[in-house]
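Me: Please take a close look at the side chains in this model, and how they sit with one another. I would like one connected account, with the cut-offs spelled out.

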Amino acid sequence: MSGRGRGREGYGKDSGQQSRGGFRGGSGSARGGRGGPPHVPLAPFTPDYRAVEDTAVTQREDALLDKSGEDSAVTLPRRPAYGSQGQRLLLWTNYFRLQVEGTTLCRYAVSVKKGGKDAPRGLMKRIIQLLVECQLKDIHLDAVSDFRSTLIFRRSLNDDLNFNVVYRAEGEFEPEDDAPQYQVLLEPSGTLNMSELVDYSTSTTVGISLSQSQELLQALNIIVGHASRTDPNTVTVGRNRRRQGRHRTGADQRASEELAVFNCKASYRANQRVPQLRKRSAHLGTFLTPCFCRSDPYPATSAPSVASIVSSVDRTLNQWPAAIRVQEARKEMITDLTKLFQGQLSLWRSKNRSLPANLILYRDGVSEGQYQVVLDNELPAIKKAISNVYSPAEVKQGVPRLSIIIVGKRHHTRFYPTEADDADKTGNSKHGLVVDRGVTNFCNWDFFLQAHSALHGTAKPAHYYVIYDEVLRRLNPEQGQAGAADALEKMTHGLCYLFGRATSAVSICPPAYYADLVCERARCYLSSHFAPSSGSATPASESSGSAGISTAGRPVTLHDAIKHKMFYI
């Protein structure tokens, strides 16, 4: 097969460079590895129909923004305005339009047992398939399932909800004589009115809430994923990634995506813009970034979790010393955040002879369902650290001001250019893309940022969500409400150029990137808790019983020569 390399053209016009590129290309062609012919630019997807902006979404966003007025809330603040800088683009995205007309869904919890014991998880999919095909064949077209624990129907089941399912493997028309039987019980777990979700997503009432939001979204995920789970040509890789055996071109895949409308700003800022960010950081103070990284590769073990925090200690944002803390196994929130945060504040004071007036935190490792957990558990710990370091008079005056921004990486949102002039050589949108309309939260303050250029494949933007704000809304007051939105987007994009390992922008802001690297380095320092013992396939932490728990709460001791340096880079 052909390899992937820069070839002759990638190394310039010098004959020696051409020889080097050609040699690597030839080797890649033979081994299917690096090298090969130069990259061929990809054209963006061009469907037969024209990309037309859906003005209804934009009108609703503007109506909500006008009705909300000026917001003084610091917890989950509303969006002050939409960004105004950069060139306005129209993009494709992998979202689809939801149209529901008064559909009520009935949800049932599924339990499968054999001889009083739960059935193996590996057999659940086949057992539920047999249940729907054989026992519920009259309504099988109205049934969908996640094939683990939930069945959803378009109408309620009035008959007996206890079933005996005789197992037979796929491809068998009749079960074997000694085939096992499983007892399946369906228990009603509520009804869902899908029209409520549509009303919520199209309402222009400020502060409207949806009581069953999580249940409705879970049902939608089951409905959308049911077809791929039952398609014989689709293979599931992991838990949520599915690949079809039939060949589909990139154009075919993108043709199935609905055009979403949003106002996106693409400003292709080069490195000369970074000094402006550094100049502004002089009055912003410091950027403190606690980040949690679960470093237990063995789900059943008691290996400890590792929490890390990195923070800037200079006005140029060049140095980001780190602190590491070991905590309980499978712990998703930072346990001893007060001491970690307090130590970083003290380090800033030792370097600058003063304390910062503003703190901006980029928090990584938090899912969308854990925003409130951060506010309930970690925010009080941060406030306690501030009260321990700052004087009572400063705390009474509201110093320092604090903002917390969640950095989201585990999402499925993608963007594609609609015009060839807006695409780079890989067919992705050009770097510096900011999207804050159409696919973002109508009320709260969030945006997507694709700061980098993907080497291959589809570029994945980072999702930034403001959950606490005392600083950002005060930025650029001379530009009105839009000044705060522009300042946050520009500052985050500028940070992406400051990653110490790269000479161009990276996909997420470096503080969150650095904290991930710290956790990976800590895993090396604690290899006895993660790596198997010699001559044994059992992790050391598991064989030693509570070894992982006994290390909880202990900092990782670093040498004095490197503890205030970027040793992890």
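Reply: Cys134 has a relative accessibility of 40%, so it counts as partly exposed; that class lies between buried, under 20% relative accessible area, and exposed, over 50% (1.4 Å probe, protein chains only). Cys524, at 53%, is exposed. There are zero disulfides in the structure, a disulfide being a pair of cysteine sulfur atoms within 2.5 Å.

A word on the ground rules. This is a predicted model, in which local features need pLDDT of at least 70 and side-chain atom pairs count only at pLDDT 80 or more, while totals for chains, interfaces and linings use all residues. Numbering runs from 1 along each chain as its sequence is written, and side-chain values use heavy atoms, leaving out hydrogens and water.

Now to the rings. Rings of Phe, Tyr and Trp (its six-membered ring) pair if their centres lie within 6.5 Å; planes under 30 degrees apart are stacked, over 60 edge-to-face, and the rest tilted. That rule gives twelve aromatic pairs. Among them is the edge-to-face pair of Tyr167 and Tyr182, with 6.3 Å between centres and 70° between planes. Tyr167 sits in the loop between β7 (162-166) and β8 (181-193), and Tyr182 lies in strand β8, 15 residues apart; strands (E, at least two residues) and helices (H or I, at least four) are DSSP runs numbered from the N terminus. Tyr182 is buried, at 5% relative accessibility. Phe447 and Tyr464 are stacked instead, at 5.3 Å and 20°. This pair joins strand β19 (residues 446-450) to strand β20 (residues 462-469), across 17 residues, and both partners are buried.

Tyr464 also leads us to the largest nonpolar core, of 48 residues, where it is listed with Tyr362, Leu472, Leu488 and Tyr568 as having the most contacts inside. Such a core is a set of buried Ala, Val, Leu, Ile, Met, Phe, Trp, Tyr and Cys residues joined through side-chain atoms within 4.5 Å. Elements that each supply at least two of its residues include β19, β20, α11 (481-495) and α12 (510-525). Helix α12 gives the most, seven residues.

Leaving aside residues up to four places away in sequence, it touches Val310, Trp320, Ala322, Arg501, Tyr514, Leu517, Val518 and Arg521, where contact means heavy atoms within 4.5 Å. Ring pairs also link Tyr568 into a cluster with Trp320, Phe499, Tyr513, Tyr514, Tyr525 and Phe567.
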